[in-house]
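Keep the structure in view as you read.

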Amino acid sequence: MVNDSGQLYTMEGVAAGVIMLLTAYIVISTTSIYTPGDTHIPDMQLEQLGSDVLAMMDTPDINGSDSRLNGLVRGGTGTGDTLRGEFLAGCKMRYEDPDNDLKAQVYLSYRTLSGNVSTIQLSSLDPEFTGRENTVRVTRWVQLPSGSTYDLPNLESSRPHAVLVEVLLWRA
Amino acid sequence: MSLDFLAGFTIFMLALIMVVSMVPGLLAGLESSGIDYDAVAYRTGVILVEDPGWPVYPPWEMNDLAHKGEIERIGLAVSKETPNILLSTKVDTFFNGSFFTPDDYHRLAIFGDIPYSYNFSLSSGGALIGQTGDPLPPGYGYIRRVVKIKEPGVAMINGSFASDYTAPSSNQEFTVRLDFGQLLDPTIGPAYRIDPRTEPVNVTITDFREYLNTTDPSVTNATLKSVTFWKMDPTRPIPQFTRIPFAYDTVDSNLYTLYIDYRDGNQDPCPLRPDGGVEVSENITLVLKPAATSLFTLDQNSILDIRFNFDDDPSRTNITGIHHYDYNQTNVTRPDLKPGVLEVAIW
Amino acid sequence: MACMNEDGQWIVLMGLLTALGLFFLALIINQSALVGQTTAEGVLEFPKNDIRDLRSAIFDHYDRCGNLDALMRQQNAEDIVRISLERKNAVVHFWNDTAQDISGRMLRPITIHYNNGVTVYNETVYY
C-alpha cells in the first residue's frame with residue numbers, strides 16, 4: 001500500500017507553488033526607477049526660473065515708466081550682452097551663494113519689411129554654446145515704438161512693432 | 001526523463017531566470033515618494049507666488065489668531081492679475097512664527113496627506129527677509145521663484161512743506177486726507193495702487209520745528225492733543241464728515257502705532273488721545289494698519305481724514321492745512337518694487 | 001514510456017494559471033500608474049507663461065496702437081500672429097468689439113484665441 005506514486009502529485013504541487021510564489025515576489029518588488037532626467041524636472045525648474053526673470057525684467061518698478069527689458073531691447077545688438085548679463089544675474093540670485101552654472105543666449109524675432117519673420121542673435125556668442133546640455137527656451141513679448149530701426153536689419157521704422165525676445169538657458 | 005518532468009522543470013527554470021535578471025533592479029531600492037518632492041515644491045511655489053490667497057477680501061492676512069480658521073489658502077501675490085509681485089503685509093504675516101504653526105503651513109500652503117518637511121525662504125539683495133521651516137537635508141525637492149515685493153508708501157511731511165502747511169492764524173489742526181475714490185482708481189494696476197485697506201498708511205511729520213510758532217523764541221514744542229479719524233461719503237446728498245468711533249485712548253499695536261519724537265532705540269508708543277496731550281518737538285510718526293482701516297467701514301468712495309489736533313493756549317504751532325495722500329510722488333513717497341527670490345524646499 | 005501518469009498535471013497548470021493572472025494584474029497596475037505623463041512633463045506642456053505673456057502683449061498692443069490708424073494697428077497685430085506661428089508654434093487670433101460702458105469706464109471686449117496644438121485657450125476680456 002505504500003508506494004511512491006503520490007510523489008508525482010507532491011512534486012507537481014511544489015513546482016506550482018514555487019511558480020506562484022516567485023510571481024508574487026516579482027510583482028510586488030518590481031519598482032519603477034525614474035531618474036530626474038527622465039522626468040524632465042530640471043528642465044521644468046529652469047523654464048519657470050527663466051520665465052520669472054524675464055517677466056520681472058519686463059515689470060516697471062515705477063508706475064508708468066518703461067520696463068528694463070523694453071529699454072534693453074531698444075538698444076538692439078549693442079545692449080544684447082547687458083541684457084544677457086542682467087538676465088543671468090536674476091537667474092543666479094539665491095539666498096546663499098549664487099547659482100553660477102547658468103548660461104544664456106539672447107535672440108530677437110521680428111517681422112521685416114517684407115512681412116517675414118526674422119530672428120537675430122542679440123548677445124555675443126557664448127564660447128560654450130556648442131557641446132552643451134539641453135537648453136530651455138523662454139520668451140517674452142516686447143512692444144517697440146515707431147521711429148527707429150533699433151539696429152535691427154530690415155525693420156520698418158515707421159510703425160510700432162511687436163517683437164519676441166527669446167532666451168536660451170542652460171546649465172554648464 | 002519523462003516529458004512531463006521536463007516541461008515542469010522548464011517552467012520553473014524560466015521563472016528563476018526572470019527573477020535573477022530583476023535582482024539588480026530590486027537592489028537599487030529607490031523610494032518612489034522621493035520623485036514627488038520637486039512636484040510638490042513647484043506646486044507650493046505657485047500657490048505662494050502667483051495666488052493672492054483665499055479669502056481675498058477681506059484679506060486673509062487681516063485675520064487675528066481667533067479667526068485663523070477662516071483662512072483657506074495662503075498666497076503672497078498682490079492680486080490674481082499680478083503674479084510674482086508679492087505684498088509686504090502678506091509676506092510679514094506669512095513668516096510670522098507666532099501666528100502660523102507648522103500644521104498651518106501644511107494645511108494652507110503645501111496640501112496633501114503626506115507630512116512633508118519644508119523650508120521657505122524669501123531674500124532680497126542677499127539679505128534674508130523671512131525664513132521658516134527646518135534646516136535643509138542633503139536631498140530635497142526645490143523650486144526657486146524670482147519675485148518683486150511691493151512695499152507701502154510713506155507720506156513724509158518735512159520742512160519743505162512748511163510754507164504750505166503753516167499760517168499765522170491757524171486752527172492748530174492738520175489733516176491728512178485719503179480719498180478712496182482717487183486711491184482705488186481701477187486704471188492703476190494693482191502692483192502700483194495705494195490701497196489703505198490692505199497696506200499700512202504711514203504719516204511721518206518731521207522737522208517739526210519748522211511748524212512751530214517762531215514769533216516766540218522760547219517755544220520749543222507744541223502739545224498734540226489727539227489724532228482722530230473722520231470719514232465722509234461724497235455720494236450722499238449732503239456729505240459731511242463724521243468722527244469715527246474708535247478706541248482712541250488705548251494703545252493697540254495691531255491697529256496703529258504712534259511715536260512722538262522717535263529716535264533710534266526703544267520708544268514707547270503713544271495712544272491716539274493721550275491724557276493731557278503730549279509734547280512734540282521733532283517728529284510724529286503714525287502708522288495706521290489695515291486692521292484698523294477695516295474697522296472704519298469705508299467703501300470705495302469714502303474720504304478718510306486723519307486729523308492731528310494741537311491744543312495750546314496761546315498756540316505754539318502754526319500748522320494747518322490738508323495733505324492729500326494720493327499718487328503725487330511729492331505727497332507720498334512710494335518705494336520701487338523690490339526684487340527678491342523665494343525658495344521652497346520640500347522633503 | 002507507456003501510460004505516463006498525467007494525473008498531477010492539473011496542479012502545475014493551476015499554478016501556471018495563477019502566475020499568469022498575477023502578471024496580468026501587475027501589468028494593469030503598472031500602466032495605470034503611468035497614465036498620461038510625469039508631473040514635470042505636464043507642467044512643461046501647459047503653456048501658462050506663454051498664455052499670460054500673450055495676454056499682456058495683446059493688452060500692450062491695444063494700449064499703444066488702439067488709437068492709431070487701421071493699417072499700423074493691423075500690422076502690429078500681424079506681428080503677434082505671425083511670430084507666434086513661426087517661433088511659438090501657436091495659432092493666435094484676437095479681435096475687439098465696440099467699447100461698452102462698464103461701471104463708468106469705456107472698455108472694449110477683446111476676444112483671444114490661442115491654440116498650440118495641445119492646449120486651446122479662448123477668452124473674452126474687457127480692457
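Start with one pair of residues: Ala155(B) has Val203(B) as its bridge partner in E7(B). This is a predicted model, where local features need pLDDT of at least 70, side-chain atom pairs count only at pLDDT 80 or more, and totals for chains, interfaces and linings use all residues. Residues are numbered from 1 along each chain as its sequence is written, while chains are lettered from A and ligands numbered from 1 in the order in which they are written.

**The sheet in chain B**

E5(B) and strand E7 (residues 201-205) of chain B run parallel, joined by 4 bridges. Strands (E, at least two residues) and helices (H or I, at least four) are DSSP runs, numbered from the N terminus. Two strands pair if DSSP finds at least two bridges between them. The open sheet has 4 strands in the order E5-E7-E12-E10 (chain B), and its pairing is mixed. Strand E5 (154-157) and strand E10 (256-260) of chain B are at the edges; each has a single partner strand, so one side of each lacks a neighbour in the sheet.

Residues are in contact if their C-beta atoms, placed from the backbone, lie within 7 Å.

| Contact | Residues from chain C | Residues from the other chain |
|---|---|---|
| Chain A with chain C | 35 residues | 33 residues of chain A |
| Chain B with chain C | 10 residues | 8 residues of chain B |

On the side of chain A that touches chain C, H1(A) gives the most, with 12 residues. On the side of chain C that touches chain B, helix H1 (9-33) and helix H2 (39-45) of chain C each supply at least two residues.

Methods. Contact = placed C-beta atoms within 7 Å.
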